[in-house]
Amino acid sequence: MVRVQSGSETETGYMSDSGMSAPDEPTTIFPPTYMVLVCSRTISNEAFMWLLNKVRGKRRDGGAELLVRRQPHKPGEGVTLHVSASKIKFLEVAEELELKKRDREGLVREFAVSQLEEFLAEGMHVDDLLTTAERQHIVRHELENIRALAEDDHVPGHDGLGLYEGQSIVQACLHWELLEQMFPLHDSETLDNFGRKWYWALFRRQPIEEIRLYFGEAIALYFSFLGFYTSALVVPMILGFFQLFMSTGTVAFFCMFNVLWVTVFLEVWKRKCSELAFSWGTIGMTSLDDDPRPNFHGHMAVDPVTGRFQPQFPRWKTNARLYFVSLPIVLLCMTGAFFVMLASFWAEEYLVQVRRTTGLRAGAVLVLMPSIVYTALVFVMNLYYRRLATRLTEWENHRTQTQFDRHRVTKLVLFEFVNNFMSLFYIAFYIQDMAMLKYQLAIMLIVLQAIQNFQEALLPLLIKYYGNVVAKYLSYLTFEQLLGFEGGVAGVEAAAPLLKRQEPERRSPEQEEALDALLAGVPALDADDPRIEPALREGDMERYEGTYDDYLEMFVQFGYVFLFSSVYPMAAFWAVVNNVLEIRCDAFKLCRVFQRPMAKRVKDTGAWQRAFEALGAMSVMTNCGLLAISPELRHLKPDVGAVEWVLVFVFLEHLLLVTRHILHKAIPEKPEWVRVALAKINYQSKRALKNERMLKSRRQLLQRKYRTIHGPHKRTQ
């Protein structure tokens, strides 16, 4: 039997080994819930109480020092825990995580508890200092950094589930499904406000700051990028309309303009990122500043940077796994996807020839079969490759979440590039059918993006609604009618072994009684607490997996618009139409379809910035290549040979690449005011450190008596 620790849970809370303590007063009101933990029905009583003790325990004992309440428990169900923290705990961890906040002088710098008053503006209460997203980030950080000690070699009550020293206990329990879910709760009042200001307001500016305060920096940055990108598409859209009514001789101008626009857009976006990151206090983040991610493993040792006891893993081992195992596997998968695409084209060409020679009536349907099969194969390949990329990146054992995300995104983008763009390259430069290329681009930009928006926002709601209707209808049927057994009770008894295999394992009555006895010592929420119903409802919602799929859509659209911009001038228009709807669809699904995402702090778009820049560089070559093989341009200069056209292509390509490089150097990544503000913060930090050393030296001088040439001397005999 695992004993419940009697942690001093008070409303103001207790502190860790920092020397600060809280007044010993009874808890009257449990603070707002910042994280919900849903335990599985299969978790043993010993494991549950062990995990609970870890969450509530003292830091010196390997605990997180968080506040916990349970929902009223029903027999046969898993226990649901509401997790929060004390005010002092939030401030302590905020300083430990080096969160940056704006002080009274308007500078964004590292928060320090000793300088608390300097971060409180006039009339500002200490409760308003940290945003909801920051509080969720702190609670999640503390939960995920509950690490196994040397004596925690396995999960109590589950001898087959071994642990290694330094492993994240909460992540291990989620992996083994001892914990079913971990999610923050939505705030209904804020969501209603978002409805008026955001996803129902079609032509209104996005409330980016409110999005950041509620969802965190990662999601706010995505919507800021989407809005900035859509606004920047207006100029190519207008020029695209002009190109429709002008002669084909202007194709070269619009091609070069779009290529240069891509470069300017990406450079200006980096400046925008710097502004946002400075305002949000994330501009100084580096991969070394992040704590080790929960699944990072290695031997426990003192970290050379932080001086804290953390898992350590040699960097050369990670690089060896990355370059000698993961990279060859990724290249092999890309090659396989490329040949699957070629096989689809070859099969389609073969069926077209068969239709022409035989005159089959069903030939038109047969010609479509390779494309249909290829589309299904792409979906299946993407599904399994995503799992493979995640496992490979996990096996590489990157230290921080930023490094993990960067390498995972790189693997996925390479594979998605083959699936989404290689067919267009094949049509453009091998078949050289510009009409077919234009048709394919139009289909992808209009039809596929409309299907994606429907699939993301409306389809989950329809499934949920009609699923509830079907469930309500089925509840009126008898058990025999539901199963469709004609043999009545005998038929049901015959099917009992099959049903028993499908049911999850349940606790025995003795285990339920023992659990109830243990839960009697765990504080519970009131039966009418308003947090219980949202926790049950949101527990059935889908989990938001992050911004990867959202950025991927923009990445693919970006490639469709600018890799082949000279062929389809209306691409920018359809991209703007899609993005206006995309902003509202993505906002709606975040607020009404998915669970509230975990807040995540970021300073830029990370690997996606490099992915977009790679497409920008590639657009130079593709557009120049399209110009070189363009029938319209060759018709204008019929006396120019193939060699001359190749030379023109090479000249234009190098000219645009040089211009692109000049623009990259000419546009600084940080605006002048950001550089000045950072320099001012650095100067003030050095000045404060210097003053502190001077005061310390003065105190030492005053405490000791020094003989100088002006002081009295002893007379020697």
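This passage describes the confidence, the secondary structure and selected side-chain arrangements of a predicted protein model.

The model is predicted, and local features are therefore reported at pLDDT of at least 70 and side-chain atom pairs at pLDDT 80 or more, while totals for chains, interfaces and linings use all residues. Residues are numbered from 1 along each chain as its sequence is written, and side-chain values use heavy atoms, with hydrogens and water left out.

The pLDDT (the predictor's confidence in each residue, from 0 to 100) averages 81 over the protein, and 84% of the residues score at least 70. For residues 1-27, where pLDDT is under 50, the model has 61 contacts beyond four places in sequence; a contact means heavy atoms within 4.5 Å. For residues 485-504, also under 50, it has 11 such contacts.

The protein contains 23 helices and 10 strands. These are DSSP runs numbered from the N terminus, helices being H or I with at least four residues and strands E with at least two. Of the 717 residues, 46% are buried; buried means under 20% relative accessible area, exposed over 50% and partly exposed in between, with a 1.4 Å probe and protein chains only. Among contacts between residues at least 6 apart in sequence, 74% join residues at least 24 apart.

Helix H3 (residues 132-144) has 13 residues and should span 18 Å at 1.5 Å a residue; its end C-alpha atoms are 18 Å apart, which agrees. The expected span is 1.5 Å times one less than the number of residues. Because 10 of its 13 residues are buried, H3 is largely enclosed by the rest of the structure. Among the buried residues of H3 are Ala133, Arg135, Ile138 and Leu143. Arg135 also lies over the face of Phe90, at 4.9 Å from the ring centre. A charge sits over a ring if NZ of Lys or CZ of Arg is within 6 Å of the ring centre and within 35 degrees of the ring normal. The charged end of Arg596 is placed over the ring of Tyr214, 3.6 Å from its centre.

A search of the whole structure gives 45 aromatic pairs. Rings of Phe, Tyr and Trp (its six-membered ring) pair if their centres lie within 6.5 Å; planes under 30 degrees apart count as stacked, over 60 as edge-to-face and the rest as tilted. The pair of Phe241 and Phe573 is edge-to-face, because the ring centres are 5.4 Å apart and the planes are at 65°. This pair links distant parts of the chain, with Phe241 in helix H8 (residues 234-244) and Phe573 in helix H19 (residues 571-593), 332 residues apart. Phe241 is partly exposed at 31% relative accessibility, and Phe573 is partly exposed at 24%. The rings of Phe417 and Phe421 have centres 5.2 Å apart and planes at 55°, so this pair is tilted. Phe417 and Phe421 are four residues apart in helix H12 (residues 401-431), about one helical turn, and both are buried.

Thr33 lies in the segment before strand S1 (35-39) and is buried, with a relative accessible area of 10%. Its side chain makes a polar contact of 3.0 Å with that of His82 and one of 3.4 Å with that of Arg531. A polar contact is a pair of N or O atoms within 3.5 Å; within protein, one must be able to donate a hydrogen and the other to accept it, and residues adjacent in sequence count only if both atoms are side-chain atoms. Not counting residues up to four places away in sequence, Thr33 touches His82, Val83, Leu185 and Arg531.
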